[in-house]
Amino acid sequence: MTVIDSVRLEQVRKTYGKGNGAVAALDGVSIGFRQGTFTAVMGPSGSGKSTFLHCAAGLDRPTAGSVQLDGVELTGLREKALTRLRRDKIGFIFQAFNLLPALTVAQNITLPLRLAGRHADKAALAEVVGRVGLDQRLRHRPAQLSGGQQQRVAIARALVTRPAVIFADEPTGALDTRTAREVLGLLRQSVSNGGQTIVMVTHDPVAASFADRVVFLADGRLVDELHRPTPETVAERMTHLGAWAGAA
Ligand SMILES: Nc1ncnc2c1ncn2[C@@H]1O[C@H](COP(=O)(O)OP(=O)(O)O)[C@@H](O)[C@H]1O
Ligand SMILES: [Mg+2]
């Protein structure tokens, strides 16, 4: 049986600038993310984490190499097809929540469905809202919610299209410790119970310990990998890799 990765990168390079000033933000990265797994991506500031996430999500085009999403090669796609694929197959969660302030919670959550021209049916909404525990907040606006509640709206919005993969860039970076744990618990549940695939950039060993696997980037290369991480093993590995200036 062939197992198709939700996401697969093969020898991905991303170079910014030209000539002497050229920077290899990604320098030959190959990795796969199996369906129903939770991976944390860590690395010092400038190691290429954001570039990695953007290339894997089809938001940025690699200079060389291949990116496959749910078995579809992204690198040859035109902009329109790429946009459609992103809408169908990818969910995003950002540090800053990125909710639309004028829309209600329910409208924010179902926005990706409407953008994709899909029917925002009540059952799909009720299911994700139940999962993140926002049943009593559907008519509220984002400004009426706490940070943790806003991030739960963003998680529901990412889950509602049932994407092949959810990419999260420091999703707990703006939350206090207790709220961060609740949010991470929700992400963990959507993997363990819902079979969701998640790739999350973080610099926090506790956040990383919610994942099944941690991969470490340094200077645009994958340099290490840890399975069944604990906060202690992650912190220890970070110390060994050195030069961690509170990466972001
Ligand atoms: N748009 C850009 N133009 C030029 N250089 C960039 C650009 N984006 C990132 N870089 C460079 O690529 C490297 C990796 O950046 P980035 O992916 O943002 O790292 P991280 O998210 O780990 O901090 C850094 O040296 C950064 O300065
Ligand atoms: Mg970054």
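Visitor: At about what angle does helix 6 run to strand 8?

Guide: This is a predicted model. In it, helix 6, made of residues 177-192, lies across strand 3 (38-42), strand 6 and strand 8 (198-201). Its direction relative to strand 8 is about 155°.

Visitor: In what order do the six strands of the open sheet follow one another?

Guide: The pairing in this sheet is mixed. Strand 6 (90-94) and strand 10 (221-227) are the edge strands, each pairing on one side only. Direction ignored, neighbouring strands are turned against each other by 20° on average. With six strands, the order is 6-7-8-3-9-10.

Visitor: Which residue of strand 10 stands opposite Arg213?

Guide: Strands of a sheet can pair through backbone hydrogen bonds in a parallel or an antiparallel way. Strand 9 (residues 213-218) pairs with strand 10 in the antiparallel sense, over six bridges. The residue opposite Arg213 is His227.

Visitor: Which strands does helix 5 touch where it packs on the sheet?

Guide: Helix 5 covers residues 147-159, and its direction makes about 170° with that of strand 6. The strands touched by helix 5 are strand 6 and strand 7 (165-169).

Visitor: What is the bridge partner of Gln68 in strand 5?

Guide: Four strands form an open sheet with antiparallel pairing, in the order 2-1-4-5. Strand 2 and strand 5 (72-73) are its edge strands, each pairing on one side only. Strand 4 (residues 64-69) is joined to strand 5 by two bridges, and the two strands run antiparallel. The partner of Gln68 is Glu73.

Visitor: Which element gives the most residues to the shell around ligand 1?

Guide: Helix 1 packs on the sheet, touching strand 1 (7-16), strand 2 and strand 4, and its direction makes about 55° with that of strand 2. The shell around ligand 1 holds five nonpolar, six polar and one charged residues. With three residues, the element that gives the most is helix 1.

Visitor: How much of the accessible area of ligand 1 does the protein cover?

Guide: Among the twelve residues around ligand 1, those that come nearest are Gly46, Gly48, Lys49, Ser50 and Thr51. A polar backbone atom of Gly46 is 2.7 Å from an oxygen atom of the ligand, and a backbone N or O atom of Gly48 lies 3.1 Å from an oxygen atom of ligand 1. Thr51 has a polar side-chain atom 2.5 Å from an oxygen atom of ligand 1. Of the 560 Å² that ligand 1 has on its own, the protein covers 59%.

How values were computed:
Residues numbered from 1 in each chain as written. Chains lettered and ligands numbered in written order. Predicted model: local features only at pLDDT ≥ 70, side-chain atom pairs only at ≥ 80, totals over all residues. Heavy atoms only, no water. Near = heavy atom within 4 Å. Polar contact = N/O pair within 3.5 Å; in protein donor to acceptor, adjacent residues only side chain to side chain. Areas by Shrake-Rupley, 256 points an atom, 1.4 Å probe, with all protein chains shown as cover. Nonpolar A, V, L, I, M, F, W, Y, C, P; charged D, E, K, R; others polar. Pairing = 2+ DSSP bridges. Axes fitted to C-alpha atoms, helices over the stretch in contact; angles between N-to-C directions. Contact = heavy atoms within 4.5 Å.
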